[in-house]
Amino acid sequence: MPVSLSLTVNGKAAAEDVDARTLLVDFIRNDLGLTGTHVGCDTGQCGACTVLIDGNAVKACTILAAQANGSKITTIEGLAASDGELHPMQAAFKDCHGLQCGFCTPGMVLSAIDLVQRHPDADEKTIRAELEGNLCRCTGYQNIVKAVKQGAQAMRR
Amino acid sequence: MGASDLNSVGQSVRRKEDYRFLTGTGQFTDDINPQHHTHAYFLRSPHAHARIRSIDTAKAKAAPGVIAVCTGDDLTGVNGLPCGWLITGTDGQPMKEPPHPILAQGKVRYVGDGVALVVAETPDQAKDAAEMIAVDYEVLPAVVNPVDALKKNAPAIHEGAPGNKCYTWALGDKTATDAAFASAAHVTKLDLVNNRLIPNAIEPRAAVASYSRADDSYTLYVTSQNPHVERLLMTAFVLGLPETKVRVIAPDVGGGFGSKIYLYPEETALVWVSKRVNRPIKWTAERSESFLSDAHGRDHVTHAELALDKDGKFLGMRVQTTAAMGAYLSTFASCIPTILYATLLAGQYTTPAIWCEVTAVFTNTAPVDAYRGAGRPEATYVVERIVHAAAVEMGVAQDEIRRRNFIRKFPYQTPVALLYDIGDYDACLDEAMKIADTKGFAARKAEAAGRGKLRGLGYASYIEACGIAPSNIAGALGARAGLFEVGQVRVNPTGGVTVFTGSHSHGQGHETTFSQIVASRLGIPIENVEIVHGDTGRVPFGMGTYGSRSLAVGGTAIVKALDKVIAKGRKIAAHLLEAAEADIEFGDGKFSVAGTDRSKTFGEVALSAYVPHNYPLDKLEPGLDETAFYDPTNFTFPAGTHICEVEVDPDTGVVEVVNFSACDDFGNIINPMIVEGQVHGGLAQGIGQALLEQCVYDRESGQLLTGSYMDYAMPRSDDLPSFNVATKVTPCTHNPLGAKGCGEAGAIGAPAALMNAVHDALSAAGVKYIDMPATPHRVWNALQSAQ
């Protein structure tokens, strides 16, 4: 049965009818064509699909599109400025080599922004504890931790 | 920017590829959506071993949205998947190569073996229809453990492989080794299990296949580390298509670690079916499917013995290994526990006599093939664990026993076929000990003991053979392919440079590293260099990325092509400057007449090549576009020492890695930031193997018990410390970059270093032996039974 959806994604209104069983991540990728949000698992464990819903990091494979009705969603495509300038957290990931293959990166960056909003002065231990819901197989996390620290500092400015 | 600023080699240039990944504008295979594409779903075997009595697809074919349903019987004219490396056994016979059909024919041999393919309008329709396929199975007994598979009454997996044996193969001089043991003052013996791992690149495997009736051609987007090899194997061996009619594109690929080297059944089936349905087809693995069907790694059972004289000098080593191949031979499966394993058993040491025998066996599991390090972590684990044990038994310090046996004269011919060109093993050991502060360990151990904790320190001095490989040597050892690499440097009319490389980047940052090399050699800004890879339609040829070969082999191919560009540029400049070619020098982006201030910039020469008005057309072709095929003359030999410090909580069995220090010699380094990142990632996977990861199949039913991230413990951010890493440099002697390769070192050294540290920590409590992964449960049990 189709469900009518109306929500805001990256500042733009989106209204669509979707199958009731559609996951939010599939709606974002397939209906909206925002393929920066990735799917890395089927058990809500890897965090590659993380988006911000009303400012909070949510794994988009763990909720139905219908549950996000009326919300404001930010995906990785919505972070940089309109002239293409990177968000401070994106810039920090680049500067600290916090990414390699880039597949977990969108979810990692959005989780990092969420964690910095809650813990603006997070130390390494807090950052590592907070990011344990996002798997990265490439970096060994060290440069991600470094990036989050640097990004947090830049976000305060 | 001054000319000297253009030489960025050795600098941590930030990566060119990052912007697209950070803004969600990368293009991974699942992001590709051709118009009117359909979706595929594979029905997989729920049994580890069963005969297929019948398959009824009628209901599925009639289900909503279904376009096609195929089983093994439908794939007429399609051959099985080939194995790329022929191992000849000690009996002089070729290895057993049972058929590897792309969909099961008559029998299924592991949980996840493909049984049927459904193509439908939507993924859900394909999946729903697959559930309507009725397969009548006669379930057979299964065997998943390699040692069990060799037992007398083990279930027979393949008709053509009696006793489930693929081959028994040996390397080294048995007589000399036995003699060494006969004269030994001390012999250390060790039984080791190298735990089976699942690679788990975070991007699942995926493919999008399209067929064009207009010219009877195919396009395949696929998550591959080596699209040309994929095309060659698929067209020539399996589907019988001309290579000219198949274009394989590996776009952005989200990690590989070996698991995306191989030609898999899924993309092969998709290409074949795309013509039959005449519409593009997409398949993306669900993670559960990845667990079941990606090629796994390791899975060795080994008995090792080390003979020493009274001073702790190694006299000989004997190793017997049983290695699982899984249910079918994956693309390079056969060479991993042989050519990439036994040849590394000399390690960094002068052990004069080594003998290794390997028996490869079929099991009712997913195929086993290369996973980060591929054979070399297994070899390092054997060597460094037994060296550790021998040092403990003989009361020699861990660094001292290594120093007493280090190779110090190069080139060095090992007794297991390799010729090490260069290295400085003392330098890495010294530096690793410094950054690990081994001098302070005793105090830290005492402090930990005061808190009721057990501290341990573990060393691993590893070596690896990278830069795979000299084709003639590989061929003599059974390779069915060449292992050169290709680089094409196309200078555009206005001086920008497009480089086409057969290497493939799936996280390694080639777009940056290769650009640094090209920009520095030509004296042009990095921004003027574009790296193209991963497309058989654009890149002339390539063998792809694995075995830490991209810089040493792929980078060198680019350098060779650059040499040709510069040589031709010199001729053009000589003409333009009315000077003798021999007098033309090239540097800082300029061709100059030696001893004068007369010169032409690289851009002026490039323009002249494309606008040849004043040009030696009688002697020289216009254009500036050169290609080089580079075949290395030897392997490269990165080496180093890793030192791990752990703290064990005896009450819970939890092992905490409190410090991990690595000093590696990768030869010359182009981009230290990228190299450090590669080390971090390798260490994380090595620590994962030693502490967390283990693929478990139920020994009775053959069901995969670790089939999701809930059950297979991946290293997460809070499982790992920050690492101390350092490098020492002895430049590789046989490639112009002096580069050796850095991608696998972390995964090679870390497991042995960590497990040695665990053994060191637990020895105080009387624990003699523990296998990887050192989970709290295992450690706690070991401590209890030692009491």
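Start in chain B, where B:Gly569, B:Ile572, B:Ala573 and B:Leu576 of helix 15 meet B:Phe602, B:Val605, B:Ser608 and B:Ala609 of helix 16. Meeting here means being in contact, with C-beta atoms, placed from the backbone, within 7 Å. Helices (H or I, at least four residues) and strands (E, at least two) are DSSP runs, numbered from the N terminus. Before going on, note that this is a predicted model, in which local features need pLDDT of at least 70 and side-chain atom pairs count only at pLDDT 80 or more, while totals for chains, interfaces and linings use all residues. Residues are numbered from 1 along each chain as its sequence is written, and chains are lettered from A and ligands numbered from 1 in the order in which they are written.

The axes of helix 15 and helix 16 of chain B come within 10 Å and cross at roughly 90°, the axes being lines fitted to C-alpha atoms over the stretch in contact, with angles from 0 to 180 degrees between N-to-C directions. The two helices of chain B are therefore roughly perpendicular, a label for angles of 65 to 115 degrees.

In helix 14 of chain B, 12 of the 13 residues are buried, which takes 20 or more other C-beta atoms within 10 Å of a residue's own. Among them are B:Phe514, B:Ile517 and B:Arg521. The length of helix 14 of chain B (residues 510–522) checks out too: at 1.5 Å a residue it should span 18 Å, and its end C-alpha atoms are 18 Å apart. Just after helix 14 of chain B, B:Gly523 takes a positive phi of about 70°.

Chain B also has an open sheet of four strands in the order 18-26-27-28, with mixed pairing. Strand 18 (454–463) and strand 28 (724–727) of chain B stand at the edges with a single partner strand each, so one side of each has no neighbour in the sheet. From one strand to the next, the twist averages 15°. Strands 26 and 27 of chain B pair in the antiparallel sense over 11 bridges, where pairing needs at least two DSSP bridges. B:Cys644 stands opposite B:Phe660 in strand 27 of chain B.

Now for where the chains touch: 41 residues of chain B are in contact with 42 residues of chain A. On chain B's side, helix 17 gives the most, with seven residues. That side divides into 16 nonpolar, 16 polar and nine charged residues.

Over in chain A, strand 1 (residues 2–9) and strand 2 run antiparallel, joined by eight bridges. One bridge partner pair is A:Leu5 and A:Glu16. Of the eight residues of strand 2 of chain A, the number buried is zero, so strand 2 lies largely in the open. In the hairpin, with two residues between the strands, A:Asn10 takes a positive phi near 50°.

A:Asn10 turns up again at A:Thr74, whose contacts, leaving aside neighbours within four places in sequence, are A:Asn10, A:Val51, A:Leu52 and A:Leu79. A:Thr74 sits in strand 5 of chain A and counts as buried because it has 20 C-beta neighbours inside 10 Å.

Technical notes. Two residues are in contact if their C-beta atoms, placed from the backbone, lie within 7 Å. Ala, Val, Leu, Ile, Met, Phe, Trp, Tyr, Cys and Pro count as nonpolar, Asp, Glu, Lys and Arg as charged, and the others, Gly among them, as polar. The expected span of a helix is 1.5 Å times one less than its number of residues. Angles under 35 degrees count as roughly parallel, over 145 as roughly antiparallel, 65 to 115 as roughly perpendicular and the rest as oblique.
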